[in-house]
Amino acid sequence: MKKIEKSEKNKGMMSLSRRHFVQTSAALVTVPFFARNAQANVDESLPIAKMDGNPATVVATCSTFDCGGKCDIRAHIKEGIVTRITTRPDNELDESMPIMRACVRGRGYRKFSYHADRLKYPMKRVGKRGEGKFERISWDEATTLIAENITRLTEKYGAASRFLTVNTAVTGGIFSGDTMMKKLFNLTGGYLPYYHSVSLGNTVKVTPYTYGISKTGSSLDTLEDTPLVILWGHNPNETIF
């Protein structure tokens, strides 16, 4: 195949058109989805703030729910209620830096926070295991119950009986649940750890057999010379991952 030489100007035009192509394609794909589900997406259980002229307070935060992207998320709060979630607008993007805008999951944090099935208080099982019978208890009762059982099991079986597994929001930084539990258990004798992570444990094992080395990857500059690119649930023009 004959290699076509491109000037810097043409390369810039090609990158621009490719970027617009991906963005436009994504927009066209999502239009029928939102149109079809416009009525179904109305959740009457979500709290609603009063519609008046007072502006909402915008709190800048980031995506931490089981995601390492830490992308830009902005919560609009009014009367103590998150009324909507936005992300970094176009006029604040820095072309020299990775794009850190929230994906669909990040923009859906409001529904996650106010979902009717979300557990907001400690619940204690009152029936047999598997019956699904629980009752609400206070935070003091919950922490006391947990501390008593940790002490009882440690004294009876030793610190190795305390298995610490991966929990949700494992990429939330130093305040992740598993990170705080590691600190607590290390101060009280240790614990039985898990191998690697919930996402990459098997990948680390199988990659050497597939590629011959333990780590593989490529950089964005290889896209220009790649004949086929498959983006599975991922748009690099919008989010870092």
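Is leucine 220 buried or exposed? Leucine 220 counts as exposed, because its relative accessibility is 66% (buried means under 20% relative accessible area, exposed over 50%, partly exposed in between, with a 1.4 Å probe and protein chains only). You'll find leucine 220 in the segment after helix H6 (201–211); helices (H or I, at least four residues) and strands (E, at least two) are DSSP runs, numbered from the N terminus.

Before going on, a word on what you're looking at. This is a predicted model, where local features need pLDDT of at least 70, side-chain atom pairs count only at pLDDT 80 or more, and totals for chains, interfaces and linings use all residues. Residues are numbered from 1 along each chain as its sequence is written, and side-chain values use heavy atoms, leaving out hydrogens and water.

Now for the inside. In soluble globular proteins, nonpolar side chains tend to be buried together. Here, the largest nonpolar core has eight residues: Ile73, Ala75, Ile81, Val82, Ile85, Ala102, Tyr109 and Tyr114. (A nonpolar core is a set of buried Ala, Val, Leu, Ile, Met, Phe, Trp, Tyr and Cys residues joined through side-chain atoms within 4.5 Å.) Strand E2 (72–78), strand E3 (81–86) and helix H3 (109–114) each give two or more residues to this core, and E3 has the largest share, with three.

What about charges? Side chains of opposite charge can pair when their charged atoms come close. The whole structure has two salt bridges, each being a side-chain nitrogen of Lys or Arg within 4 Å of a carboxyl oxygen of Asp or Glu. Aspartate 72 meets arginine 74 at 2.9 Å, N to O, and aspartate 72 also meets arginine 88 at 3.9 Å. Arginine 88 sits in the loop between E3 and helix H2 (104–107), while aspartate 72 is in strand E2, so this pair ties together parts 16 residues apart in sequence. Aspartate 72 is buried, at 11% relative accessibility, and so is arginine 74, at 17%, but arginine 88 is partly exposed, at 23%.

The structure holds zero disulfides. Cysteine 62 is partly exposed, at 26%, whereas cysteine 71 is buried, at 7%.

Technical notes. A disulfide is a pair of cysteine sulfur atoms within 2.5 Å.
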